[in-house]
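Student: Could you walk me through this one? I keep meeting terms and wondering how anyone decides that they apply.

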Amino acid sequence: MLIGEVARRSGVSARMLRHYESLGLVRPSGRTGSGYREYSGEDVRRIFHIESLRAVGLSLREIGRALDDPGFTPSALVDDLILRTRERIAAETELLTRLDRVRAADPAAWEDVLQVLALLRALGSASAGTRQRAALASADEVPVEALAEAALGEGDPYVAGALRWALSRSGGGGAVLLAEGLSSPLAAVRERAVRSLAELPGAEASALLRDALASCDAVVRSRAALALGAQGEAAATPVLVDMIVAGRNDTDAADVLSVLAGDDAAADRIAALLADRIRDEASGPARGRLTQALAGIPGATASGALTELLGDADPAVALTAAYLLRLRGDG
C-alpha cells in the first residue's frame, strides 16, 4: 500500500506517517519502482499499535521502547501511566470544582472572578497564616461549599476556628455539607464536622446535632451533647451523663447539666438519672464524678440522693455527699 492509502485506512495523516518514519517508529517495507513508500500489512499493524499506545498516554519515545526492546516489560510503564492519569484527573477535577465555585459566587465582573479565585487558592495554601486570612475574608465572597470543605480538612486549630466563624456567617447551606463529614472514615474529620456544626446557628444545624447524639463515635456524641445542652435541649441529657461516667469532658458535661436543670421538673429528672447511675456503677471514680455532678442540680431530688449517699460503702463518695450537703445548707 502507498502512503495515501495507509493514511485513509489508518486515520493517520501522511505527514504524521513521515514523522513516525523520521523517528524510526515505522519503516516502510519497500519502495515502488517510482520510489514511493510501500507499506506491508505488518507495517500497517505496527501503525495501529503506535496509535493505540498513544491513546493511553505513552510518548513516542516510550512507544519506540515498547515496540522494539525485546527485554521491555510493560508493567512499570503501565503503573506510571495509571499514576499520571490519576494525577491528571485529580487536577482537572480540582479545576472543575474551582470553576463551579466561581460560578456559584455569581461574579459580576472579571475582577470578581479573580478575587474569588485568589481566595480559593489562599484557602488551599501551605501557609496556615494565608489560610487563616483567607477564611476571615471569605464569609461573603467564597461559596459555602469551599468553606465547608476547608473546615473538614483543616488541622490547624486557629485556621479551623476562622473557618467555623466564616461558616457561621455564610448565610446557610453549610450544615448539610458539614454533616457529610460525620460519616467520614477519619475520626479527625468527624470531629471537625461536629465542632463546626456546633457553632452554626439555626434549626437545621440543631437537627443534625440531635441525629449526631446517636453516633457510634463517642467524640461526635459528646460534642453534639455539649452544644445541644447549652441550647437547652433535654435530649442531650443521657449522653452528658454517659460523659461523666466515662470521665470524658465530665466537668463540661456537669456544667451543661446544671444549665438544663433550669426548672424543678427538669432538675428532678436529671437528679434521678444521676442517682440511678450511681447505684448502677461499680467503678469508684465514676461514682465519685456522678456524685459531684449532683452539686449543680437544685431541688429536693438531688438533696435526697446526696443524703442517701451519706451511708455509701465508698468513703470518698460519702465524704463528697456530706460536703455537698453542707454547701446546700442541708447537712
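Tutor: The structure holds 14 salt bridges, a salt bridge being a side-chain nitrogen of Lys or Arg within 4 Å of a carboxyl oxygen of Asp or Glu. Bear in mind that this is a predicted model, where local features need pLDDT of at least 70, side-chain atom pairs count only at pLDDT 80 or more, and totals for chains, interfaces and linings use all residues. Residues are numbered from 1 along each chain as its sequence is written, and side-chain values use heavy atoms, with hydrogens and water left out.

Student: Why is the pair Arg31 and Glu21 called a salt bridge?

Tutor: Their closest N and O atoms are 3.9 Å apart, and the limit is 4 Å, so the pair counts. Arg31 sits in strand S1 (residues 30–31) and Glu21 in helix H2 (residues 14–23), so the bridge ties together parts that are 10 residues apart in sequence. Helices (H or I, at least four residues) and strands (E, at least two) are DSSP runs, numbered from the N terminus.

Student: What makes Arg31 "partly exposed"?

Tutor: Buried means under 20% relative accessible area, exposed over 50%, and partly exposed in between, using a 1.4 Å probe and protein chains only. Arg31 has 48%, so it falls in between. Glu21, with 22%, is partly exposed too.

Student: How do you know that Asp276 and Arg279 form a salt bridge?

Tutor: Their closest N and O atoms are 2.7 Å apart, which is within 4 Å, so they pass. The two are three residues apart in helix H16 (residues 264–280), separated by about one helical turn. Asp276 has a relative accessible area of 38% and Arg279 has 48%, so both count as partly exposed.

Student: Which residues are linked with Arg277 in a network of salt bridges?

Tutor: Asp242 and Glu281. For Glu281 and Arg277, the closest N and O atoms are 3.5 Å apart.

Student: What makes Leu208 buried?

Tutor: Its relative accessible area is 19%, and the cut-off is under 20%, so Leu208 counts as buried. Leu208 lies in helix H12 (residues 203–212). Leaving aside neighbours within four places in sequence, Leu208 is in contact (heavy atoms within 4.5 Å) with Ala175, Val176, Ala179 and Leu197.

Student: Which residues are buried in helix H17, and what covers them?

Tutor: In H17 (residues 284–293), they are Ala286, Arg287, Gly288, Leu290, Thr291 and Ala293. The cover includes H14, H15, H16, helix H18 (300–309) and helix H19 (315–328).

Student: Why is the phi of Asn249 worth a comment?

Tutor: Most residues other than glycine have a negative phi. Asn249 is not a glycine, yet its phi is positive, about 50°. Asn249 lies in the loop between helix H14 (237–246) and helix H15 (250–260), and at 41% relative accessibility it counts as partly exposed.

Student: How does the radius of gyration of the protein chain compare with that of a compact globule?

Tutor: The radius is taken over C-alpha atoms, and the globule rule is 2.2 Å times the number of residues to the power 0.38. For 331 residues a compact globule would have a value near 20 Å, but the protein chain has 34 Å. The C-alpha atoms fill a box of roughly 120 × 50 × 30 Å along the principal axes. The secondary structure comes to 19 helices and two strands, and 38% of the 331 residues count as buried.
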